[in-house]
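Please read the points below with the model open beside you.

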Amino acid sequence: MSKVSIYGMTFDQLTTWLVEHGQKKFRASQVWDWLYKKRVTSFKDMKNLNKECTDLLEEHFDIQTLTEEIKQESKDGTIKFLFKLSDGNLIETVLMRFNYGLSVCVTTQVGCNIGCTFCASGILKKNRDLSGGEIVEQIMNVQHHLDQVGKDERVSHIVVMGIGEPFDNYDNMMDFLRVVNDQKGLSIGARHITVSTSGLAHKIYEFADENIQINLAVSLHAPNDELRTKIMKINKAFPIEKLMKAIDYYLEKTNRRITFEYILLRDVNDHEKEALQLVKLLRNKRHLSYVNLIPYNPVSEHNQYERSTKESILKFYEILLENGINCGVRVEHGTDIDAACGQLRSKQMKKDKVRS
């Protein structure tokens, strides 16, 4: 019988499962306390469970399904982890330090099918979705690392922006969000969690209807269909008009601010013309919009792109600001450790291929 990660069970799911297998409801609270408060990594360490319950859990679940392959630490304190899954696939997880706390960027898929032409994540096509437990376990492994170094620090923020398209793994992503947000577990506040999508419009409607406080970011990267289709093939399925209708629905339903991610590519999407088109696109929703301008991290496989100049970035920023669009330039983290999402995984896979 194949076992699954215990971290993939929401509290309600675990409670129901334990009762169905002859255990008392309160056992779920005990198990969650051991997992998320005491943070043990073995069922045998759950001292107040009876042997029957421990044996049952060991028979059906794993606690550790990820193995740390590589850990790279940047001069700025950013740590990138390369984890191997139980089936041998590799994923990346990143810990970033901010003045407001520790943020972890998690991966939701092995590879990505969205096919953005500037992105390292999509170099290797999607192999499979991650389970909810495999996503939660990324957070837990980072937290275990923090516990081991003894700094009494905890993960306080999460961004779902790693390898893959989160909305293409929607159900598992939602289970992950429910687990990490649950006050009985890690209790990471909903407003401290951000989910990013490349623009799957139909899922934005669904996410709006979830009635949760979790933040939404949309990878826009171009203000018109011709350019966006050229650099993001997802725009063929969900062109800007369709995407903006979904965003309008989200804003009306939630009244929550949305972040638009915009990677600045030199002489591609960083001209005054694109800045003014972006202003026009967002003008009627600027009270609930924030544009995150992102300096491009060059990727060797996408050598047709270069980082915009500092002058171009500043000019683009000023045009948005002068026209009432809230915006900022993302502070870079880990530029000395394969910073772009997917780079470390791609590099390691190339090494493994050479060895074989």
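1. A salt bridge here is a side-chain nitrogen of Lys or Arg within 4 Å of a carboxyl oxygen of Asp or Glu. Side chains of opposite charge can pair when their charged atoms come close. The structure holds 23 salt bridges. The model is predicted, so local features need pLDDT of at least 70 and side-chain atom pairs count only at pLDDT 80 or more, while totals for chains, interfaces and linings use all residues. Residues are numbered from 1 along each chain as its sequence is written, and side-chain values use heavy atoms, with hydrogens and water left out.

2. Glu210 and Arg178 form a salt bridge in which the closest N and O atoms are 3.5 Å apart. Glu210 sits in the loop between α6 (201-208) and β11 (215-219), and Arg178 in helix α5 (residues 170-181), so the pair ties together parts that are 32 residues apart in sequence. Helices (H or I, at least four residues) and strands (E, at least two) are DSSP runs, numbered from the N terminus. Glu210 has a relative accessibility of 23% and counts as partly exposed; Arg178, at 41%, is partly exposed. The cut-offs are under 20% relative accessible area for buried, over 50% for exposed, and in between for partly exposed (1.4 Å probe, protein chains only).

3. Lys253 and Asp209 meet through their side chains in a salt bridge of 2.6 Å, N to O. Because Lys253 is in helix α9 (residues 240-254) and Asp209 in the loop between α6 and β11, this pair links parts that are 44 residues apart in sequence. Lys253 is partly exposed at 46%, and Asp209 is partly exposed at 42%.

4. Asp33 is partly exposed, with 27% relative accessibility, and Lys38 is partly exposed, with 46%.

5. How do the axes of α5 and α6 cross? They come within 12 Å and cross at roughly 30 degrees. (Axes are lines fitted to C-alpha atoms, for helices over the stretch in contact, and angles run from 0 to 180 degrees between N-to-C directions.) That makes α5 roughly parallel to α6, given that angles under 35 degrees count as roughly parallel, over 145 as roughly antiparallel, 65 to 115 as roughly perpendicular and the rest as oblique.

6. Which residues meet where α5 touches α6? Tyr170, Met173, Met174 and Leu177 in α5 meet Lys203, Glu206 and Phe207 in α6. The residues of this contact divide into 5 nonpolar, no polar and 2 charged. Contact means heavy atoms within 4.5 Å. Ala, Val, Leu, Ile, Met, Phe, Trp, Tyr, Cys and Pro count as nonpolar, Asp, Glu, Lys and Arg as charged, and the others, Gly among them, as polar.

7. Is Ser103 buried or exposed? Ser103 is buried, with a relative accessible area of 3%. Ser103 belongs to strand β6 (residues 101-105). Leaving out residues up to four places away in sequence, Ser103 touches Val94, Leu95, Met96, Phe98, His157, Ile158 and Val159.

8. Asn255, in the loop between α9 and β12 (258-264), has a positive phi of about 55 degrees although it is not a glycine. Asn255 is exposed at 57%. Asp267, in the loop between β12 and α10 (272-282), has a positive phi near 60 degrees and is likewise a residue other than glycine. Asp267 is exposed at 58%.
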